[in-house]
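Hi everyone, thanks for coming.

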Amino acid sequence: MKVVLFCGGYGMRMRNGSSDDVPKPMAMVGPRPLIWHVMRYYAHFGHTEFILCLGYGAHHIKDFFLNYEETTSNDFVLRGGRTELLSTDIADWTITFAQTGIESPIGERLRRVRHHLDGDEMFLANYADVLTDAPLPEMIDSFARRDAGASMMVVPPQSSFHCVDLGEDGLVGGITAVSELPLWENGGYFVLRQEVFDHIPENGDLVADGCAQLAKRGRLVAHQHRGFWKPTDTVKERAALDDAYARGDRPWAVWERDGAGANAGVRTA
């Protein structure tokens, strides 16, 4: 199944300074950028055809893959001055790099790469900046059995704030942690059918337009996930993931846990 990744936003809250033009999916977690971790997740489950919706800072993403260093994350043998890889990350990946505009909303980016889907009835989509250990095959199989136009992974609220119930005269009737409320947030992992394009207008949004219209028609389903899920909207959140990676605490790296996902075998670089 093809995977559409939205990686063209500014990522203003991730900036280190006014001269920093690195898009958020290129923020580093360990030795690799966020987008690599997301792609490895999909590749682990056999989905290795990627369509990158580029925009701001596109050259950083292009340069990363055009000059990809397999030895950074794979064991190798140096023999007679030549590098023999013992495994590879991206040898079987197909990556389409599509410029979808600097200011384009997510829905418009998706519209602009529709022709790259080759008419596939179902496909996957992701913001390219959220890491999870969600069971992707289960999400896909569940959606495939449903008569719906889109599936959205949803997660419990991540905020550490508390909600306060106010009564008359400002009296507090109760305090509840946001995470304990019966609410769900968009988790950023989508399984979509071509039907979604019927509800995204020009310069529209995937969620506010496409998913909202499908929901009104009873054509949107949700996959609830209570496991690991971490966004990277801020420098602090990205740093926390980087620290976790350094400690070896990386539940999103399902390819490490299951001992699969890489192309085994010796290759000469």
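**Aromatic rings and their partners**

Let's start with a cluster: Tyr41, Tyr42, Phe45 and Tyr189 are linked by ring pairs. Please keep in mind that this is a predicted model.

Within that group, look at Tyr41 and Phe45. Their rings make an edge-to-face pair, with 5.3 Å from centre to centre and 75 degrees between the planes. Are these two residues buried or exposed? Tyr41 is buried, at a relative accessible area of 2%, while Phe45 is partly exposed, at 26%.

Now let's step back for a moment. How many aromatic pairs does a search of the whole structure turn up? The count is 14. One I'd like to show you is Phe6 with Tyr127: the ring centres are 6.4 Å apart and the planes meet at 45 degrees, so this pair is tilted.

And where do those two residues sit? Phe6 belongs to strand β1, residues 2-7, whereas Tyr127 is in the loop between β8 (122-126) and β9 (130-132). The pair therefore ties together parts that lie 121 residues apart in sequence. Phe6 is buried, with 4% relative accessibility, and Tyr127 is partly exposed, with a relative accessible area of 22%.

Arg193 sits over the face of Phe143, 4.4 Å from the ring centre. Over the face of Tyr245 you'll find Arg250, at 4.0 Å from the ring centre.

Conventions
Residues are numbered from 1 along each chain as its sequence is written. This is a predicted model: local features need pLDDT of at least 70, side-chain atom pairs count only at pLDDT 80 or more; totals for chains, interfaces and linings use all residues. Side-chain values use heavy atoms; hydrogens and water are left out. Rings of Phe, Tyr and Trp (its six-membered ring) pair if their centres lie within 6.5 Å; planes under 30 degrees apart count as stacked, over 60 as edge-to-face and the rest as tilted. Helices (H or I, at least four residues) and strands (E, at least two) are DSSP runs, numbered from the N terminus. Buried means under 20% relative accessible area, exposed over 50%, partly exposed in between (1.4 Å probe, protein chains only). A charge sits over a ring if NZ of Lys or CZ of Arg is within 6 Å of the ring centre and within 35 degrees of the ring normal.
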